[in-house]
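Hello,

Here is the structure I promised to pass on. Please have a look at it first; my notes on what turned up follow below.

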Amino acid sequence: MTGMEAGLLLQTEIEAGLIPQTGLEAGLLLQLGLGALAVLTALTAAPFLRSRAVGILCTLIAVTGFLTGLVAMLGGTGGLRISIALPMDPLLLAPDRLGGLFMLIVSGVGILVSLYSMSSTHGPDASRTAWVAMPVFLVGMQLVPAATDSVSFLLALEIMTLGSTVLLLADHASRATVASAGIWYSAMSQLSFFFILAGFAVLAAASGGTSFSTPQAIEPGPANVAFVLFLLGFGGKAELVPLHVWVPRVLPEAPSHVSAAMSGAMVKIGVYGGLLVCVRLLPDGPAWWGIAIMVVGGASALYGILQASVSSDLKVLLAYSTTENMGLVFLGLGASLLLRGYDATAAADAALVAALLLAVSHAAFKSTLFLGAGAIIHATGERNLDRLGGLGARMPVTAAAFGVASLGAAAIPITSGFVAEWMLLQSLIHGGRLDGAVVSVTASVAMPLAVAVIALTAGLALLTFVKAYGIAFLARPRSAEAAKAREVPPLMQLSLALGALFVLALGLLPGPIAALVGHTVSSNPSAAVQSIGLGGVSLPGIGAVLDPIMLVVLSALVAIPVIVSIIVSARGHPHRTVDLPWGGGGSRARPRMQYTATSYAEPLVRVFDDVLKPSRDVQVTHVAESRYLVERVRVEQRVSDVFETRLYRPVLNLFQRYGIVVRHVANGSIHRYLSYSFVALLIVLIVVSL
Amino acid sequence: MNAVISAIIIAVVQVVLFVFLAPLLIGVIRQVRATIEGRAGAGIWQPWRDLRKLLAKDPVRAAESSWMLRAGPVALTVSSLLLCVLLPLVGTISFLTIPSDLFVVVSVMLIGVVALALVGLDGGTAFGGMGSSRHMTVAALVEPTLLLSVYALSIPAGTSTISAIVETRLLSPEIIISPVSVLALVALSIAIMAETGRLPVDNPGTHLEVTMLHEAMTLEASGRDLAWLEVGSWLKLAALLGLVSNLAVPWGVVTDFSALGLAVGVVSIAVKVLVLGVMLSIGEIFLAKVRLFQVPELLAGSFALAFLAVTASYLVA
Amino acid sequence: MFETFYPQLIGLCTGALLLTSALMVWRHSLLASIRLLALQGIALAALVAVIGIAEGESELVLVSLLILSVKGIGLPWVLAHQSKASIKQIQESPRLNPTAALLAVTLLTILSYVVVSRVFGLGDNETGHAAPIGLAMVLIGFLLLISRRRARSQLIGFLLLDNGIATIAFLTSGGVPVLLEFAVSLDVLLVVLILHVFTGRMRTKFGGTSVDQLRELHD
Amino acid sequence: MSLVLWIPLVGPLAFAGLGLLLRNSTLHRFVGVAASSAVLVSGLLLVSAALDGTVPSSGGGMLRADALSAYMLGVVGVVGLISTWGGLSPATPHPTEDAAGYEALIALFLAAMSLAVLADSIGLMWAAVEATTIATAFLVGHHRTRRSLEAAWKYVILGSVGVAIALLGIVLIYAASVGTDTPTLSWLLLSRSDLGLDPALITAGGALAVLGFATKAGLAPMHSWLPDAHSQAPAPVSGLMSGVLLSVALYAILRIQSITNLVIGPEFLRIMLSIGGLLSLLVAASLLIRQRDYKRMLAYSSIEHMGLMAIGVAIGPAALPSVLLYILGHGLIKATLFVISGRILSVEGTPVISDVRALLIRRPGLAVPWLIAMAAIVGFPPFSIFFSEIGIFMAGWSVGLGGVVAAALMLLLVIFAAFTRLTVQMTIGAPPEGVAFTPDYSAHGPRLPIILALATTATVAFVAEPVGTLLLQATAVLGGTN
């Protein structure tokens, strides 16, 4: 081999990515390599080894992604170039800071999920197919934020969709609903994919390349078209109204660790896409973009939490709550866009950081919640809250982790959710004015409305998670299965505990995290967010500070006298235990007579009757002897998704009817077929002679 | 004097004062009501006696109840005590890293709300669940009003820190009687009435289970569990009344630390809270509890007021 | 001598082509159609021969013989290869009534005149004038395909269509290269044979040759 | 190298003859495989020649293999190999004459297709395409049932009529060239820009030729033969038709487009092909919604993909590399799908979707490759169809066909949803209660061709060298400057 050939070979190897040049490249390559290895292992490993072996590899994939994301987020450069056969810009995976952050988020969830699934999967979840799909899903998801051109973005996105679809279908043999969930999921994913593809196509046509780094002033026309397409596409990925309809079907039907990964990580890809568009691809959009995003986000937040609050299926509840949280993230994003349009930079930056923090915190608490739901299903086989209860004593670790994550979801202080919502509210209430002057009429209506939406959302979220936690873990078991529940295996406990720790850590130390996150979207992050005190966060631009650790210290100080007095009192007056609660005198109260999740939400269903449109079915059976005496009353109330029943169903029915009618086009008559050709021929003849 | 030390002193004073004041406030409210209704009443110190009695009892707990029955009351009390620390009641000097931020205050209050609701559920009875459910529904619907009304008040001050808001109102009192401020205060008052379980949303005096909100949740608690629940709720009422009174009549609040000022502050807030309590009690005489499903209408009305206040304050100012 | 008759001869041949085509649409008897087809083949061969003589290309005369043997004799013989008695009785009951069909023929002929005049420009040479006939034959063949129910009637339509293309080829460019003409003829012959085999199979499977029976495959 | 040009023509015919001679031996089963291997080998040789920049020609210039022809020959060979190999019937002790004839016809078909892509003459190509009609007519009617007879009849009539229209177009193109100094049907000569062809004749000729070949390419409204023929033909034949015949017809359209582009510009055919493509997508979408037969489902999927390719052709040079890659990806995957569908049909005994349930539980050996191939055909990465579709859409927007592309995307969504629904109905779910079954892991035929086809499609898009270069060269042949 001559020297030139060797040099050429080296060159091609570098181009082919065989020799990593930087840490980032090595990390990306390692993810791909581990992914391939995991797929091979899943295909070949013996069944009893499969969960462990592939689970460990998946964990490694996620850890690699985590580290790669960290390097990218801290400003590492470099990337992986993949050439393709088509004459386009070569695929370049090179995450920037923002991409690094999202790689970090999704792979963080990936770590939890991989650990959990090693021990939780059994039966169909542990099938070869499911374990092949898992690394594919993880790698696809982790590579989406690394993409720096539209083709590799779409490639990773579709690989992610493919992997998740297969994972979703794992339980297909045990429940008929899984198949329909699969259809909904793939159709809606494809819808989003096409929107995103069209958006990128518009952009590529306008800028002349598929790479994100060709910064060109895009004409307002194509930019607006692209924006709307992206909003629909990424809105669908992020489960925003009205493209959320797959969520309440899919997330409950998927195995819980998959739901956790989907809700905790995959929907963040939608958020990432939104940020990519608004921050990087089409910066400085007009004000109406911000308004549009805020409207969609706000509607999603309200609708999502409303549905969540009235749901008695634990996983449906969590699924709708995902819509809510993503709605809030987009609300923040839209507010940031709107505010930037008015040069309220400090508030805009704060809103953006808040949206990111919300995404991070949602990843932590929602994956923990879904894993917790999985633990409950693992222990009881039930996901209907109406049949749970009393699990707190039976599954203490799960209860604690679920509780902490619930607090996060309800945005209660010292959890991650609170910090993010606090920052969002701060940016909103300071966004209406700039240096004491009102920025615009639009903003002065939009900001209070947004605050109101967030407040109502937060209030309903509180109810939702009080219900979820209280009904499932407190009180008495409402079914025999719940009464027999036992704590889940240690590895599952570990990942639950890790998740809960994340929720607390993010809530206790928001300052450093917010500062880091701020770096990913702002050129001058220290003007937007700073870390103060012991992990506290300060927004210098708008003069707001929050130090959760101080809050903890203060609480501890005021709690000391209370606790001391309790200890003193407990010494003199030990508590007495009785078998049954007093129940206002109804001491024979059976567990079934407790309040259930359905009854818990009943007042809310009534209040929001017009929005939720519940269907009620009351059947009264009279005693044979007299119409005035009732033997039994059966009440059935169902809250279905308004968007599905009023928007999607009619359209689908129309399609079905059309599909039957249109069969006459191909009715088998050769004369008819020949006529088609004849007519086409005549038309062509007429056209060419015009 | 060092700001931190003065902040600590004021916080300690506020906590001690309100721990003393809260039962007294309840006693005054009940006594005023009894007097007006022509009953003798139990005297203004009765809440204190109740507390002493409860603390001296063995708590009775059902076998299936969890640690929530023990921890919940403490959490409620701690959250109310935190309110007393954070809110500008006696003085507006607050900690640097943890100012009396509007949203923090509301969230701290919500900790108590959640604790109470969970205690209600933990009993494992229909009544507890019912109270908890209604309580949370009201809390959820109140939150927009609560945030928006304080938001409206915060706009002239340019910050969401409540002490700063109070200081601004002290410096330029004309703000207080501006229509925006009046709207916001009315909305805030309604929100607080709902939040603390007063008429017309909840009847604190009732023991008819079906109509209860707050009382239904405490049915299963006894002994010291019940005592802390009561203390927590009373403290919350007192602190929030203190907030309203300081927003409406900010004079007397300590802004520059001094011993005399502190004494004035203590006396003025005590008087303000008690006067407000008397007014509340008198007002409640003329109110009947509305049906549960009419509560949203009430809250929607107050929300409209608050929203008007915010937009008006942007567009008018 | 020949030059004076040349336009008339071209006119005669093309006229015969168009006439036979129209008659095929009109007549319903299978036997009559086959005979008309044979006549048309002869007319086509004559046309090619005339052009060949006029242009002095011996190749074309050869081609005309090929056409005569295949289209004038071979294919009609294959089609009629069945006892005369039975074929006489086969009457087509077309999907289009004769009046409408003949009206359609007129319309299609007019259309082909329009198309050809636009595409070629109605030049002053006779072949150019006659070219529309070819296109009209193609369209009429198509019409037969659409309106006839019998398998063999469809076949005749197909052959008519093919004759039309051949006519156009000869009238516009003096025919395609000979090799190609052979290939085309061979292909057509094979297609007809295949269809003939299928017609036979159809008779055994379905007990008849009505194409209308072929309705099992549909959506 | 010019001798190689004859291998794909003579080789299959020789194997066919050999097979007929060995009709009593079991060896004749391999005639199709051998024939397609011959085509594939020569295709690869010609591709390497094209990459070296040589353009072999033979037979007095009648046969010529530029990059495009070489690529298409490779596609014919590889798709043929997958179809025939995957469709290898198990060795029967008493082979029938019928079987030998069947294999011989397949070899004939492959030879004709090779001739069609290698011919440097529109006329010869036309004859070759028509010859495939003859070969496949008996293949479609191979089962000799009423239904297959019906399908064959429709196929021959509709196909021949379509190809006749193409002949009419070719005659007009020839007439245009007669008007110049050089009467010719050679691609090479016709695509010289200095010929001075008559625009009116080229417009009419091009339009009619495209319309005629659109019949063979399965583009609406000329597609009607396709679902019937594909559903009734033996599975390997369906695969061959879908992967080879349609592609070769599209190749013909590409060639004709390159002629018309020079004379009248791209606009006319662009509109025509866009309409045809969208109409095909519409037809496929409409009839897939409530489809009952899985082989017809695959047939409509072919119509859909051909429609999309037609839109790609309409878009022009920017999309042509994608279209060419698409031809390969679609051919391989569709051949695989038809092969598996044939196996499903033979073990389940019914082509009706609603009668085939819970395949994944009952017959994982068939359902797993079926699902993977389905994922590939609806355009999931890493399969190359994904890249082709993206390439076409991106290019479409950049040349100003945004409306067409958007409409195509909408129809594709409907198709995707319908396709997913039907596939899920067949494969996903539990078998009905009380029906005893044992999971059947057998693939009911050779596994290797399926694995090879899937692996090739999954990786080919990432092979920039030499596939990318080849695609660019092939595009350059068509006058593209991309």
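A word on terms before the details: two strands pair if DSSP finds at least two bridges between them. Strands (E, at least two residues) and helices (H or I, at least four) are DSSP runs, numbered from the N terminus. This is a predicted model, in which local features need pLDDT of at least 70 and side-chain atom pairs count only at pLDDT 80 or more, while totals for chains, interfaces and linings use all residues. Residues are numbered from 1 along each chain as its sequence is written, and chains are lettered from A and ligands numbered from 1 in the order in which they are written.

Let me start where the two chains meet. Strand S8 (residues 576-578) of chain A runs parallel to S1(B), and three bridges join them. Within this pairing, Val578(A) stands opposite Ala62(B).

The contact as a whole takes 72 residues from chain A and 74 residues from chain B; here, two residues are in contact if their C-beta atoms, placed from the backbone, lie within 7 Å. On chain B, the elements that each supply at least two residues to the side touching chain A include strand S1 (60-62), helix H4 (102-122) and helix H5 (126-157). H5(B) gives the most, with 18 residues. By class, that side of chain B has 45 nonpolar, 18 polar and 11 charged residues. The classes are nonpolar for Ala, Val, Leu, Ile, Met, Phe, Trp, Tyr, Cys and Pro, charged for Asp, Glu, Lys and Arg, and polar for the others, Gly among them.

Next, a run of antiparallel strands in chain A. Strand S5 (residues 530-532) pairs with S6(A) over three bridges, with Ser531(A) opposite Val537(A). The hairpin of S5(A) and S6(A) has three residues between the strands, and Gly533(A) takes a positive phi near 55 degrees there. S6(A) also pairs with strand S7 (residues 544-546) of chain A, again antiparallel and over three bridges; Leu539(A) has Ala544(A) as its bridge partner. Four residues lie between S6(A) and S7(A) in their hairpin, where Gly543(A) has a positive phi of about 65 degrees.

Is S6(A) covered or open on its faces? Both faces are covered: Gly536(A) and Ser538(A) on one side, and Val537(A) and Leu539(A) on the other, are all buried. Buried means that 20 or more other C-beta atoms, placed from the backbone, lie within 10 Å of a residue's own.

Finally, H17(A) is mostly covered, with 29 of its 33 residues buried. Ala475(A), which follows H17(A), has a positive phi near 60 degrees.

Best wishes

Note on methods: Buried ≥ 20, exposed ≤ 12 C-beta atoms within 10 Å, placed from the backbone.
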